[in-house]
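Subject: Structure handover

Hello,

Please find the structure below, together with its sequence. My notes on it come after.

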Amino acid sequence: MMEASDPAQSPQATTEDPRAANRDKFELELEFVQSLANPYYLHSLAQQNILDQPAFINYLEYLTYWKEKDYARFIHYPHALHHLDLLQHAQFRSEMKKDEWREYLNQKQYDHWRTWRDYPGISTSVASTDLQETGVQSQQNAPFG
């Protein structure tokens, strides 16, 4: 006698609601792409030789659509997209097996987050004083000018 299976687990349930299936796929891929921001996770994938598998390399290439603005706006960890770019290169994938690279990447990421708001050559007190006095920031003090 056959047992009744859970309808939520059946393949038929996912095909009945394509919007739910698309949402699930979107959320799963978003979560995975964001996990690529973690150097320790990348190192773990490399240590397990997952980064060497052709199917996984193809999947990484497929995921590059996340760099398009319609998808990138959902990414909370921008390093994920940078790491996704780096993972397209065989040399980077092989270097991630080394502990030194994991630590180097982790330190670079930390340094970026620690300093990303600090514009070189601008003191925040000077910039705020300039803004208060003139109402606009002068061209020579503009952070991107």
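Predicted model: local features only at pLDDT ≥ 70, side-chain atom pairs only at ≥ 80, totals over all residues.

Residues are numbered from 1 along each chain as its sequence is written, and side-chain values use heavy atoms, with hydrogens and water left out.

**Fold**

The chain has 9 helices and 0 strands; helices (H or I, at least four residues) and strands (E, at least two) are DSSP runs, numbered from the N terminus. Along the sequence this gives the pattern α-α-α-α-α-α-α-α-α. Of the 145 residues, 26% count as buried. Buried here means under 20% relative accessible area, exposed means over 50%, and partly exposed is in between (1.4 Å probe, protein chains only). The areas themselves come from the Shrake-Rupley method.

**Aromatic rings**

There are 10 aromatic pairs in the structure. Rings of Phe, Tyr and Trp (its six-membered ring) pair if their centres lie within 6.5 Å; planes under 30 degrees apart count as stacked, over 60 as edge-to-face and the rest as tilted. One of the pairs is Phe32 with Phe56, which is edge-to-face, with 6.0 Å between the centres and 90° between the planes. Phe32 belongs to helix H2 and Phe56 to helix H4, so this pair links distant parts of the chain, 24 residues apart. Both Phe32 and Phe56 are buried.Ring pairs join Phe26, Phe32, Tyr41, Phe56, Tyr59, Tyr62, Tyr65, Trp66, Tyr71 and Phe74 into a cluster. Phe26, in helix H2, is partly exposed at a relative accessible area of 24%. Phe26 and Tyr71 are 45 residues apart in sequence, and their C-alpha atoms are 9.6 Å apart in space.

**Salt bridges**

How many salt bridges does a search of the whole structure find? There are 3, where a salt bridge is a side-chain nitrogen of Lys or Arg within 4 Å of a carboxyl oxygen of Asp or Glu.

- Asp52 and Lys97 meet at 2.7 Å, N to O. This pair links distant parts of the chain, 45 residues apart, with Asp52 in the loop between helix H3 (39-47) and helix H4 (54-62) and Lys97 in the loop between helix H7 (90-95) and helix H8 (99-115). Asp52 is partly exposed at 38% relative accessible area, and Lys97 is partly exposed at 29%.
- Asp85 and Lys67 form a salt bridge, with their closest N and O atoms 2.7 Å apart. Asp85 sits in helix H6 (residues 79-86) and Lys67 in the loop between H4 and helix H5 (69-72), so the pair ties together parts that are 18 residues apart in sequence. Asp85 counts as partly exposed at 31% relative accessibility, as does Lys67 with a relative accessible area of 41%.
- Lys98 and Glu95 form a salt bridge at 3.0 Å, N to O. Lys98 is partly exposed, with a relative accessible area of 37%, whereas Glu95 is buried at 17%.

**Negative surface patch**

Glu16, Asp17, Asp24, Glu27 and Glu31 form a negative surface patch. Patches are made of residues with over 30% relative accessible area and no salt bridge, with like charges joined within 9 Å. Helix H2 (residues 18-35) gives the largest share of the patch, 3 residues. Glu16 is found in helix H1 (residues 11-16), and Glu16 is exposed, with a relative accessible area of 60%.

**Single residues**

Two further residues are listed here.

Leu81 lies in helix H6 and is buried, with a relative accessible area of 16%. Leu81 and Leu36 are 45 residues apart in sequence, but 7.8 Å apart in space, C-alpha to C-alpha.

Asn49 has a phi near 60°, a positive value in a residue other than glycine. Most residues other than glycine have a negative phi. Asn49 is in the loop between H3 and H4 and is partly exposed, with a relative accessible area of 39%.

Regards

Conventions
Patch = residues over 30% accessible without salt bridge, like charges linked within 9 Å, V, L, I, M, F, W, Y side chains within 5 Å. Areas by Shrake-Rupley, 256 points an atom, 1.4 Å probe, with all protein chains shown as cover. Lys, Arg positive; Asp, Glu negative; His and termini not counted. Charge placed at Lys NZ, Arg CZ, Asp CG, Glu CD.
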